[in-house]
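Subject: Structure handover

Hello,

Here is the structure I promised to pass on. Please open it first, then read the notes below.

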Amino acid sequence: MSENIQLSDRAYVSHVEACLRANLNKGLWQLRDLVRNCQGAYPSLVLDILNRMGSELLRSEVEAWSRRVADPSLDSFGALDGIEGNPVLSSWYFTARACRRIERLWDWSTHRIAFLGTPRVYDWFSSSNLGASRVLLDLDALVTQKLKEAHGGDLIVNYDVKDELPHNLVRQFTCVVCDPPWYLDDYHLWIRRSRELAAGGVLCITVYPALVKPAAAGERQSILREIAQDSVSLTLLSEFLEYEIPSFELAQLAEAGVTDLDWWKVADLAIAQLTKSPPAIAPTRQPKKKDGTWHEVDIGSLRIFINAAIQERRDGPLLIPAHDTGILPSPSRREPALQHVNVMTSRGHGFICGDVTKLRLILETFSEVLAANRDPNLAIGPMNIDPESLKTLLSVLRLPGGS
Ligand SMILES: C[S@@+](CC[C@H](N)C(=O)[O-])C[C@H]1O[C@@H](n2cnc3c(N)ncnc32)[C@H](O)[C@@H]1O
């Protein structure tokens, strides 16, 4: 499939369906296995297609789809345990098994490693003291803070890949391990930054599967071509990596009726020996510099992200759910319901808020009151919130009185 071909939605769905039928013909019956073998197609789409095929499938087999299979290697681990996912920064973390696979690629003892947007891999490497030196660069402040507390000796930088690299880190590494959000514009930029970090070194970068979205097959080729053009060699390890399901996606899948899936998302790992020259071509399109800064308020383990730049309405209720119950249908940036969303949570919600300053104040008060174990009504009393939004808020916070 050539780079410029973007499948129409209908053609895309028929590709997914063909893939699904091939897997059913191979004797795969559990939803978990079918999803894992569908090249990144979203689980709720797979379930939709299976439901439409209803008359072709036997009920008893349908029930087998979601049976849970215990696998101790999927237990969570490390300093990032208990941190809920960040939907704004696409925080999909690898399973322990995927980290172990990366560890076993080669002897790391002489490598100066930069972990660009790979905090889970960094945590794994740091815990086992792998590599001659390690530096983590990541934008998620809560994550970098936790990792600083856990691994005192390494340099951990709260860094936005859209900014120039700190001068003292350019060309300092023999290897970069990176996993950008799965969008082509992000890849251009992340590959460029990786080259700046480790010219002449090794790049380990994920490549997303061909059915993740209609344009994915073409985008893969474009990504691989871009990596290859300034590399001495390029190896692609198919389906080498697998991801845990982040808390926001878990809620969104549950809302779509997909539960007990464990991990399902897989990706390839591209390994390139980079040339020593600096990046040849500036990226044609960069991700938007200002989609606005998302401000985070944490209430217990719940993470709430608010974006002042996207506020487009000032009247009506404080919070309007972007979709039905407030849980978004999917975490993808292509999701139409996401368009005007300026409030997201680590539990899959998306809201359109008419007064982000007021919401921030309310949430910060809630956070303080609840942290001090005081009555939540103390936070609500003085706030003058319309009843519908209050119900919504209490439900997000899982407090009595929520809808
Ligand atoms: C797809 S996750 C990769 C995590 C990796 N799979 C792991 O397990 O270590 C993307 C990571 O990039 C980080 N990130 C997203 N946007 C970023 C940006 N603009 N600058 C720096 N880091 C960013 C996120 O915080 C997240 O840790």
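Start with strand β2 (residues 133-138). Five of its six residues are buried, so the rest of the structure largely encloses β2. Buried means that 20 or more other C-beta atoms lie within 10 Å of the residue's own; exposed means 12 or fewer, partly exposed is in between, and C-beta atoms are placed from the backbone. Helices (H or I, at least four residues) and strands (E, at least two) are DSSP runs, numbered from the N terminus.

Two notes on the model. It is predicted: local features need pLDDT of at least 70, side-chain atom pairs count only at pLDDT 80 or more, and totals for chains, interfaces and linings use all residues. Residues are numbered from 1 along each chain as its sequence is written.

**Around β2**

Strand β1 (residues 112-116) runs parallel to β2, and five bridges join them. Two strands pair if DSSP finds at least two bridges between them. Ala-114 has Val-135 in β2 as its bridge partner. From β1 the chain passes through helix α6 (residues 119-127) to β2, a right-handed β-α-β crossover. Right-handed means that, with the strands pointing away from the viewer, the path from the first strand over the helix to the second runs clockwise.

Strand β3 (residues 155-158) also pairs with β2, in the parallel sense, over four bridges. Here Val-135 stands opposite Leu-155. The link from β2 to β3 goes through helix α7 (residues 141-150), and this β-α-β crossover is right-handed.

**The sheet**

These strands belong to an open sheet of seven, in the order β3-β2-β1-β4-β5-β7-β6, with mixed pairing. β3 and β6 (231-242) stand at the edges with a single partner strand each, so one side of each has no neighbour in the sheet. From one strand to the next, the twist averages 15°. Axes are lines fitted to C-alpha atoms, for helices over the stretch in contact, and angles run from 0 to 180 degrees between N-to-C directions.

Helix α9 (residues 216-229) lies across β5 (202-207), β6 and β7 (266-274), at about 175° to β5.

**Helix packing**

α9 also packs with helix α8 (residues 184-197), at an angle of about 10° and with the axes 11 Å apart. The two are therefore roughly parallel. The cut-offs: under 35 degrees is roughly parallel, over 145 roughly antiparallel, 65 to 115 roughly perpendicular, and the rest oblique. Leu-184, Tyr-187, His-188 and Ile-191 of α8 meet Glu-219, Ser-222, Ile-223, Glu-226 and Ile-227 of α9. Contact means C-beta atoms, placed from the backbone, within 7 Å. The residues of this contact divide into five nonpolar, two polar and two charged. Ala, Val, Leu, Ile, Met, Phe, Trp, Tyr, Cys and Pro count as nonpolar, Asp, Glu, Lys and Arg as charged, and the others, Gly among them, as polar.

Helix α1 (residues 9-25) and helix α3 (residues 43-52) cross at roughly 70°, their axes coming within 10 Å. That makes α1 roughly perpendicular to α3. Val-16, Glu-17 and Leu-20 in α1 meet Leu-45, Val-46 and Ile-49 in α3. Five residues of this contact are nonpolar, none polar and one charged.

**One residue, then the whole**

Asn-307 is in strand β9 (residues 302-307). With 18 C-beta neighbours inside 10 Å, Asn-307 counts as partly exposed. Its C-alpha atom is 6.5 Å from that of Val-343, 36 residues apart along the chain.

Overall, the protein has 13 helices and 12 strands. Of its 403 residues, 38% are buried.

Best wishes

Note on methods: Contact = placed C-beta atoms within 7 Å.
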